[in-house]
Amino acid sequence: MIKERVMELLQDETANKDWQNNGVSAESLCQHFSVRRNTISAYLNELCKGGQAIKINSRPVLFWDRKQLEERYEIKLTDHEYASLKDLTAQLENPKKISPFDVVIGSQGSLYTPIERLKAAAGYPGTGLPVLITGSTGTGKSFLAKVFYQYCVDKGFLAEGSNFVHLNCASMPIIRNYLPAIYLAIVREHLLELVKIVKDYLMRQMVGCCFWMKSIA
């Protein structure tokens, strides 16, 4: 199909060392494939919305392959459309500005060390390490867990589309009813029942990241 051939051409041009001067326009593609402009424009827009291409709203509008740029600069681009080539280049050359953790207050101060530990846990060989986030009610534990999840997705530790499942133990009757038994490990059959219920639930959700929240009075 023409769409696949358009994608291949974008990849070839973006792989060029001088990629900034090799942007692909709809007009050049029309001439290359002898296809109507509205057809090429539709394919390009589909590739952008699908996260496969990058669009620059210059004159003429230019396109590049997203994956090629992300792999070359070892970052995850946040958008598929930019106002200018300068804006795209600035983001490519300043990856720290697009880290999900940058939105966390204190990421460069009081929370710097905890965040670095989260990053280390995410990148631990295998499937990463379990993480325990502690703190008083209202200090942002749930928010930090969601940011951690997004970081894992951006870095490829979790697949695109992986779910973030938030289990509030206090609101789950099965957990609330058997919590003393879990803590004391004295009712084995109840514990096994709980494990089965939670396991079945997580399998249905196709979990990428699971956040357990338990408030302790």
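A polar contact is taken here as a pair of N or O atoms within 3.5 Å; within protein, one must be able to donate a hydrogen and the other to accept it, and residues adjacent in sequence count only if both atoms are side-chain atoms. The model is predicted: local features need pLDDT of at least 70, side-chain atom pairs count only at pLDDT 80 or more, and totals for chains, interfaces and linings use all residues. Residues are numbered from 1 along each chain as its sequence is written, and side-chain values use heavy atoms, with hydrogens and water left out.

**Lys141**

The side chain of Lys141 has a polar atom 3.0 Å from the backbone oxygen of Ser136, and this side chain also reaches the backbone oxygen of Gly135, at 3.1 Å. Lys141 belongs to helix H7, residues 141-154; helices (H or I, at least four residues) and strands (E, at least two) are DSSP runs numbered from the N terminus. Lys141 is buried but has no salt bridge, and the nearest side chain of opposite charge, that of Glu116, is 22 Å away. Buried means under 20% relative accessible area, exposed over 50%, and partly exposed in between, with a 1.4 Å probe and protein chains only. In assigning charge, Lys and Arg count as positive and Asp and Glu as negative, while His and the chain ends are not counted.

**Salt bridges**

Side chains of opposite charge can pair when their charged atoms come close. A salt bridge is a side-chain nitrogen of Lys or Arg within 4 Å of a carboxyl oxygen of Asp or Glu. The structure holds 5 salt bridges, among them those in the table.

| Pair | N to O distance |
|---|---|
| Arg37 and Glu27 | 3.0 Å |
| Glu160 and Lys76 | 3.0 Å |
| Lys119 and Glu116 | 3.4 Å |

Arg37 counts as partly exposed at 47% relative accessibility, and Glu27 counts as partly exposed at 39%.

The salt bridge between Glu160 and Lys76 links distant parts of the chain, 84 residues apart. Glu160 is in the loop between H7 and strand E5 (163-168), and Lys76 is in the loop between helix H4 (66-73) and strand E4 (81-82). Glu160 counts as exposed because its relative accessibility is 57%, whereas Lys76, at 27%, counts as partly exposed.

Lys119 and Glu116 are 3 residues apart in helix H6 (residues 112-122), which means that about one helical turn separates them. Lys119 is partly exposed at 25% relative accessibility, and Glu116 is partly exposed with a relative accessible area of 31%.

**Whole protein and confidence**

The protein has 9 helices and 6 strands. Of its 217 residues, 34% count as buried. Among contacts (heavy atoms within 4.5 Å) between residues at least 6 apart in sequence, 54% join residues at least 24 apart.

The mean pLDDT, the predictor's confidence in each residue from 0 to 100, is 80 for the protein, and 75% of its residues reach 70 or more. Confidence is highest in strand E3 (residues 62-65), at a mean of 96, and lowest in helix H8 (residues 173-184), at 53. Over residues 182-187 the pLDDT is below 50, and this stretch has 5 contacts in the model beyond near neighbours in sequence.
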